[in-house]
Amino acid sequence: MKEVLLLAGTRPEAVKVAPVALALADHPVLRPVIVHGGPHPGLVEQALRAFGLRPDVELDVPRATGTPAELVAGLLPELDRVLGERAPAVVVVQGDATTALAGALAAFWRGIPVAHLDAGLRTGDLAGPFPEEGTRQMIARIARLHLAPTDDAAAALVGEGLVDREVVVTGTTAVDAVRRVAAADLPARDPDLAVLERVLDERAERLVLVTAHRRESWGAPLERVLRAVRGIADRHPDVRVLLPAHPEPAVREAALRVLGGHERIVVSAPLAYPDLVRALRRAALVLTDSGGIQEEAPTFGVPVLVLREATERVAAVDAGCAWLVGTDPIRILAEAGWVLGSRLRLPVGRNPFGDGRAASRVRSALERLVGLPLDFATAPLPVRIPT
């Protein structure tokens with residue numbers, strides 16, 4: 001057996017590596033090994049449970065300051081130890097988290113090929129999103145296999161001088177994940193969400209889902225967003241707002257201070273992934289600075305207002321699924337008012353980020369990366385982007 005090490009340190013990483021682990025579960029040669037990188041204890045396990053999975057290896061990385069430097073300094077020796085003990089055939093990292101950068105570095109230094117899920121997403125601005133844009137570009141320099149979610153992302157990688165044999169278009173496994181969880185249609189487990197659902201049904205009201213947590217928005221930008229959210233609830237009496245607050249104190253404290261006490265706004269604890277998908281499915285509108293939700297919402301035809309000045313998920317904007325509104329309250333209120341007033345709904349299932357079969361394409365690409373003969377091929381060959 002050849003081990004495929006799947007690194008997940010945050011909930012979005014866990015959600016996106018889970019379909020790959022499931023796609024490899026019955027493989028005759030490749031064995032998935034999920035490594036929990038540690039920065040978000042509890043949330044990674046919670047996300048994996050939605051897919052019937054759990055970490056195979058859990059790293060203990062104590063944190064005091066919460067800075068990326070502290071996390072990398074703690075993760076690198078732990079990851080190096082695991083790689084030395086297990087000698088995997090490939091290390092798969094996802095996206096732009098600090099854990100992904102640490103995993104890519106540790107594998108590169110050990111001479112182990114790195115495969116990068118969601119490769120090639122770019123804003124072109126190292127300051128936004130920060131530090132994620134820089135993290136993606138650094139991983140791209142040392143990855144052997146770039147699993148791009150869209151043609152645009154693949155073209156960006158080719159434009160950076162990466163040879164075409166390393167770049168394949170798979171779609172994003174986020175679409176695989178959200179479809180799988182939505183099909184299960186599990187009842188709400190979070191008590192706040194369960195109560196909110198009953199109220200929405202009884203009063204025929206609509207839901208606005210809000211997620212905001214990015215580091216560059218902390219402080220004044222986040223305050224502006226939250227004031228706009230309160231304004232949306234004030235202006236639309238048939239709307240209720242749900243904001244699952246990120247565990248970061250700077251985010252949660254601001255949300256409770258600005259939104260607390262409003263009768264039609266619920267500030268909940270972070271939702272388990274099935275609950276988040278449940279809320280997303282019934283939302284009339286989503287306001288978010290999250291990259292993952294920009295990819296997931298089009299599956300359900302939910303319009304998205306992106307609370308950032310730029311997005312690396314340009315495909316969502318180009319497809320008319322999302323609108324960049326930044327953190328200006330006037331613009332947020334105006335765009336939200338237009339969507340809610342027109343009762344806009346987008347075509348269901350037309351997702352520019354994939355068709356729900358990304359994990360099978362990733363499986364095929366990994367087979368080729370580790371040099372398995374064609375007899376082991378189990379999915380169509382990934383699309384290759386010419387130079």
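Start by selecting helix 8 and helix 11 (residues 273-282): their axes come within 11 Å and cross at roughly 20°. Helices here are DSSP runs of H or I with at least four residues, strands are runs of E with at least two, and both are numbered from the N terminus. Axes are lines fitted to C-alpha atoms, for helices over the stretch in contact, with angles from 0 to 180 degrees between N-to-C directions. That crossing makes helix 8 roughly parallel to helix 11 (angles under 35 degrees count as roughly parallel, over 145 as roughly antiparallel, 65 to 115 as roughly perpendicular and the rest as oblique).

Before going on, a word on what you're looking at: this is a predicted model, where local features need pLDDT of at least 70 and side-chain atom pairs count only at pLDDT 80 or more, while totals for chains, interfaces and linings use all residues. Residues are numbered from 1 along each chain as its sequence is written, and side-chain values use heavy atoms, leaving out hydrogens and water.

Which residues of helix 8 and helix 11 make the contact? Show Leu193, Glu197, Leu200 and Asp201 on helix 8, then Asp275, Arg278, Ala279 and Arg282 on helix 11; contact means heavy atoms within 4.5 Å.

On the helix 7 side, pick out Ala174, Ala177, Val178, Val181 and Ala182; facing them on helix 11 are Tyr273, Pro274, Val277 and Arg281.

Six strands form an open sheet in the order 10-9-8-11-12-13, with parallel pairing (two strands pair if DSSP finds at least two bridges between them). Strand 10 (265-268) and strand 13 (322-324) are at the edges with a single partner strand each, so one side of each has no neighbour in the sheet. From one strand to the next, the twist averages 20°. Helix 8 (residues 191-203) packs on this sheet too, touching strand 8 (206-211), strand 9 (239-244) and strand 10.

Last stop: select glutamate 3 and arginine 31, a salt bridge whose closest N and O atoms are 3.0 Å apart (a side-chain nitrogen of Lys or Arg within 4 Å of a carboxyl oxygen of Asp or Glu). Glutamate 3 is in strand 1 (residues 2-8) and arginine 31 in strand 2 (residues 30-36), so the pair ties together parts 28 residues apart in sequence.
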